[in-house]
Amino acid sequence: MELVSVDIGGTHARFAIATIAEDGSITLGEPETIHTEDHASFQTAWEDFRDRMGGSLPPRVSMAIAGPVGGEVIRFTNNPWIIRPALIGEKLGCDSYCVVNDFEAVAHAVARVSEDEFIHLTGPDEPLAPTGRLSVLGPGTGLGVAHLYREPDGTYRVSATEGGHIDFAPLDTIEDAILARLRKRHTRVSVERVVSGPAISDIYQTLAAMEGKAVAEEDDIDIWKRGQDGSDSLAAAAVDRFCLSLGSVAGDIALAQGGFGGVVIAGGLGYRIRHTLLKSGFAERFRSKGRFQSLMASIPVKLITHPQPGLFGAAAAYASEHGISEE
């Protein structure tokens with residue numbers, strides 16, 4: 001069975017034709033990436049993809065969406081598109097559909113991919129727990145969070161959350177300064193304001209101000225590049241600070257969700273900085289939870305390396321919703 005798998009974030013919408021075999025296994029065709037800002041609506045982006053595929057698509061679609069998916073109208077957290085689920089069949093020409101939160105889809109991918117599609121970050125170097133609760137999070141345009149519960153019989157359940165919008169809790173004077181900068185624009189500062197791709201700009205500006213340096217406001221992509229290639233020590237410090245904050249937030253999410261069977265970092269940004277994460281203070285910050293330090297040290301923390309976990313997970317969510325399980 002073929003379907004269109006879609007992963008819609010704040011910056012990009014990714015499309016692929018997915019095939020679900022009779023045994024429940026999933027394969028993805030070559031993905032196509034479309035910039036959300038280049039299209040006035042999801043429907044025009046869909047039509048663009050349809051044209052790229054020769055003018056026709058399977059009559060089934062599964063969409064992973066960056067934002068809450070309940071209600072009659074779905075609004076995106078970080079782009080202006082809207083989707084009305086009741087009109088999906090009519091507008092897209094589909095007989096059936098599935099709509100899930102983007103990190104709900106990623107959690108489906110975590111549940112189904114093989115162990116060799118993870119790299120170890122910290123904690124015991126062992127597989128994720130086969131039963132119990134796992135926490136899944138990842139920085140991108142925003143910060144996605146979900147959790148996965150594995151049953152003893154091999155089945156699993158996934159829940160979407162909006163954990164990226166919990167309050168940011170600074171742990172030192174530098175993070176106090178980052179919070180002070182952000183509070184000039186936001187009465188309430190969520191962790192997404194500090195642990196997401198665009199957040200590197202505020203971190204960089206804060207560090208520059210602390211050193212009395214005047215730096216221009218610039219695109220976050222340039223800061224990430226310089227921070228990774230070693231050409232700018234201040235940008236490198238900003239990237240390291242980001243990794244510290246990501247470790248703190250990942251530990252907080254695990255505590256809040258009871259994700260003691262494992263924590264998985266996902267998202268394109270997480271993958272791009274994987275080597276920096278391994279050398280940074282991420283692991284120390286993840287464990288640094290006072291009386292719970294021993295508990296945190298017992299949790300395996302991984303990073304998923306599947307190239308398209310959102311697309312794979314959207315197809316897996318469709319399979320789960322329609323009762324197609326892996327044998």
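**View 1. Ala146 stands opposite Ala160 of strand E12 in this predicted model.** Ala160 belongs to E12. Strand E11 spans residues 143-150. E11 and E12 pair in the antiparallel sense, over 6 bridges. Strands of a sheet pair through backbone hydrogen bonds, either parallel or antiparallel.

**View 2. An open sheet of 6 strands, with mixed pairing.** The strand order reads E9-E14-E13-E10-E11-E12. Two strands form the edges: E9 (118-122) and E12 (156-161). Each of these edge strands pairs on one side only. From one strand to the next, the twist averages 25 degrees.

**View 3. Helices H3 and H7 against the sheet strands.** Helix H3 covers residues 102-112 and packs on the sheet. H3 touches E9, E10 (132-139), E11, E12, E13 (263-265) and E14 (301-304). The direction of H3 makes about 40 degrees with that of E11. Helix H7 lies across E10, E11, E12 and E13. H7 runs at about 150 degrees to E10.

**View 4. The packing of H3 with H12.** Helix H12 is made of residues 309-321. H3 and H12 pack at an angle of about 85 degrees, and their axes are 7 Å apart. That angle makes the two helices roughly perpendicular. From H3, the contact takes in Ala105, Val106, His108, Ala109 and Arg112. From H12, these residues meet Pro309, Gly310, Phe312, Gly313, Ala314, Ala316, Ala317, Ala319 and Ser320. By class, the contact of H3 with H12 has 9 nonpolar, 4 polar and 1 charged residues.

**View 5. The packing of H6 with H7.** The angle between H6 and H7 is about 95 degrees, with the axes 7 Å apart. H6 and H7 are therefore roughly perpendicular to each other. On the H6 side sit Ile223, Trp224, Arg226, Gly227 and Gln228. They meet Ala235, Ala236, Val239 and Phe242 of H7. The residues of this contact divide into 6 nonpolar, 2 polar and 1 charged.

**View 6. Helix H5 and what covers it.** H5 comprises residues 200-210. Of its 11 residues, 9 are buried, so H5 is largely enclosed by the rest of the structure. The buried residues are Ile200, Ser201, Asp202, Ile203, Tyr204, Gln205, Thr206, Leu207 and Ala208. Their cover includes helices H4 (173-183), H6 (220-229) and H7 (233-257). Gly212 follows H5, and its phi is positive, near 70 degrees.

View 7. Ser62 counts as buried because its relative accessibility is 0%. Leaving aside neighbours within four places in sequence, Ser62 is in contact with Leu3, Val4, Ser5, Val6, Cys98, Ala314, Ala315 and Tyr318.

**View 8. Cys94 and Cys98, in a structure with 0 disulfides.** Cys94 is in no disulfide. Its nearest cysteine sulfur is that of Cys98, 12 Å away. Cys94 counts as buried, at 9% relative accessibility. Cys98 is likewise in no disulfide, and its nearest cysteine sulfur is that of Cys94. Cys98 counts as buried at 1% relative accessibility. A disulfide is a covalent bond between the sulfur atoms of two cysteines.

Conventions:
Residues are numbered from 1 along each chain as its sequence is written. This is a predicted model: local features need pLDDT of at least 70, side-chain atom pairs count only at pLDDT 80 or more; totals for chains, interfaces and linings use all residues. Side-chain values use heavy atoms; hydrogens and water are left out. Buried means under 20% relative accessible area, exposed over 50%, partly exposed in between (1.4 Å probe, protein chains only). Helices (H or I, at least four residues) and strands (E, at least two) are DSSP runs, numbered from the N terminus. Contact means heavy atoms within 4.5 Å. Two strands pair if DSSP finds at least two bridges between them. Axes are lines fitted to C-alpha atoms, for helices over the stretch in contact, and angles run from 0 to 180 degrees between N-to-C directions. Angles under 35 degrees count as roughly parallel, over 145 as roughly antiparallel, 65 to 115 as roughly perpendicular and the rest as oblique. Ala, Val, Leu, Ile, Met, Phe, Trp, Tyr, Cys and Pro count as nonpolar, Asp, Glu, Lys and Arg as charged, and the others, Gly among them, as polar. A disulfide is a pair of cysteine sulfur atoms within 2.5 Å.
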